[in-house]
Each structure stands twice: as structure tokens, then as C-alpha cells.
Amino acid sequence: MQKTIFSSMEPPNPFCPNLACSARGQTGAGNIVIHDRKRQRYRCTCCRKTFSARRGTMLEGLRKPTELIVIVVTLLSYGCPIQAIVHAFGLDERTVASWRDRAGVHCQRVHQDIVETAQLDLQHVQADEIRVKGCKMVAWMGLAMMVKTRLWLAGTVSLTRDRALADQLMQQVRRCGQALKALLVLTDGWCAYPGSIKRAFREKIKDTPGPGRARLCVWPELHIGTVIKRTQKKRVVEVTRTMSHGSQEEAERLLQQSRRRECAQHRLH
């Protein structure tokens with residue numbers, strides 16, 4: 001298995017990580033060559049510096065096999081207890097915790113560099129929060145998803161379910177989308193959402209010429225809907241839908257458009 005991995009050292013878009021290199025950040029320039037297959041190292045022909053194939057990933061500096069690290073991180077992401085992984089693979093508890101933290105930091109960086117800079121046409125976003133019980137503590141996690149692609153746009157954790165949690169979540173969503181596009185945001189009945197959404201999706205508008213401060217205006221095509229579900233015996237018996245901001249007709253159009261694209265994607269898969 002190791003030979004298969006080392007014999008195919010061909011990264012898709014390699015670039016030199018050396019800050020002093022004239023070719024740093026340039027992909028597809030042909031300046032990156034394989035230096036050592038056994039140790040998985042590359043070399044830049046411009047600055048003559050070598051670097052590991054794990055450079056810039058959560059695997060950098062780790063000596064354990066890649067397959068083992070991937071399995072452990074996958075189990076952690078599905079909620080497997082650290083103690084179970086320690087006993088199953090003979091690892092130290094601090095090692096598993098370190099891999100967990102490395103994976104979290106790397107995923108956050110990837111999300112910031114790729115998702116939050118993608119400038120997506122969001123159209124329809126759903127936001128909700130989860131109450132999580134821990135050891136002598138309760139935490140809240142806010143989540144937001146782009147419906148037509150099932151892409152998780154944002155996620156934030158807080159010890160309190162307050163306006164700061166909603167503001168941080170919506171600011172993350174705002175960084176992912178194109179400005180002034182028609183957008184429908186559906187939430188539950190938490191009263192903090194409408195204000196946080198309006199604060200996040202605003203643009204500066206200068207009404208008068210000359211000196212003076214520009215005012216912040218909510219996007220003209222922003223629509224905020226609230227969906228409240230009432231359950232009995234773990235079954236939904238009633239659904240109440242209301243509009244907190246915007247036009248219901250336009251919200252229905254965006255809702256149907258996102259549903260059509262979602263169904264088309266399911267047929268393709």
C-alpha cells in the first residue's frame with residue numbers, strides 16, 4: 001500500500017511554499033519536481049528548496065501512516081469516543097486529541113479559503129441550531145446550508161444561545177455569497193434570526209454627494225421566512241410558515257427554483 005502511494009506522487013496543483021521564491025504561489029509552471037519518493041519530498045527548480053508532500057496539510061510533521069490518521073479522524077467526525085479509538089489502535093489519548101484539533105484547524109482554513117471566497121449564488125439558505133450536551137456543560141451549534149447544492153456554508157459554536165451566535169453564523173453565510181443577489185433565508189422561530197440576517201446582508205449606499213457617511217441598507221431582494229414545527233409524540237402535526245421580511249411571492253419562486261435544481265442533481269446521481 002505504501003509503494004502505491006509513493007509511486008503516484010503527482011499533486012494536482014503544486015506550488016513552492018518558500019516565501020522567498022520567485023515562483024511561490026504559481027501553479028502549473030513546471031518548477032516542482034519529485035525529489036525523494038521514499039520520503040515523499042518535492043523540489044522547486046527555481047529556489048532549489050525541498051518540501052514535504054504533507055506541507056500545508058494536517059499531516060505535516062506526523063510520522064504515523066496516512067491511512068491510520070484518516071481512519072482516526074473519520075471515526076472522530078462520526079462521534080466515536082477517543083477512549084475507544086485509543087484501545088482499538090493502541091494510540092495515546094493525547095495523540096488522538098492532537099489529530100482531532102489538527103483536523104479541525106485545517107478544515108476551518110479550507111472552508112475560509114475555498115467556501116467563503118467562492119462568491120456563490122445562494123438563492124435559498126436554511127439555518128438552524130443544535131443543543132449539545134457535554135460533560136457538565138451545554139453548548140449550542142449554529143448551522144447554515146445552501147439548499148440547492150447541500151453545501152454547509154457556516155457553522156459556529158457558543159456556550160449561549162444569544163444574538164452573538166446568530167450574528168456570527170450569518171456573517172459567515174454572507175462571506176460565501178454574491179452581493180445583492182435574490183436570497184431566501186429560512187429559519188426556525190428563534191427571534192434573534194431576523195435581525196441578524198438583516199445586519200449581515202447590508203450594503204453601503206451614498207445618497208448625497210460630497211462628504212458624509214454612507215448608510216447601510218438591507219438588500220432589496222432579501223427574503224426571510226420562519227418555519228415553526230409543532231410535534232406530538234415525536235411526530236410533526238402542524239407546520240406554521242410566516243414571512244419576517246420581503247415578499248412571499250418571490251420567496252415561493254426562490255423556494256421552487258432551489259427544489260428543481262436539487263431534484264435534478266438527485267436524478268444525475
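This is a predicted model: local features need pLDDT of at least 70, side-chain atom pairs count only at pLDDT 80 or more; totals for chains, interfaces and linings use all residues.
Local features need pLDDT of at least 70 and side-chain atom pairs 80 or more, while totals for chains, interfaces and linings use all residues. Residues are numbered from 1 along each chain, and side-chain values use heavy atoms, without hydrogens and water.

Student: Which residue caps the N-terminal end of α4?
Tutor: Look for a polar contact (N or O atoms within 3.5 Å, one able to donate a hydrogen and the other to accept it; residues adjacent in sequence count only if both atoms are side-chain atoms). A side-chain oxygen lies 2.8 Å from the backbone nitrogen of Arg-94, and that oxygen belongs to Asp-92.

Student: Is Ser-258 buried or exposed?
Tutor: Ser-258 sits in helix α7, residues 248-268. Its side chain has a polar atom 2.8 Å from the backbone oxygen of Leu-255. By relative accessible area (1.4 Å probe, protein chains only), under 20% is buried, over 50% exposed and in between partly exposed. Ser-258 has 0%, so Ser-258 is buried.

Student: Which residues does Ser-258 touch, not counting those up to four places away in sequence?
Tutor: Contact means heavy atoms within 4.5 Å. With residues up to four places away left out, Ser-258 touches His-124, Val-147 and Lys-148.

Note on methods
Helices (H or I, at least four residues) and strands (E, at least two) are DSSP runs, numbered from the N terminus.
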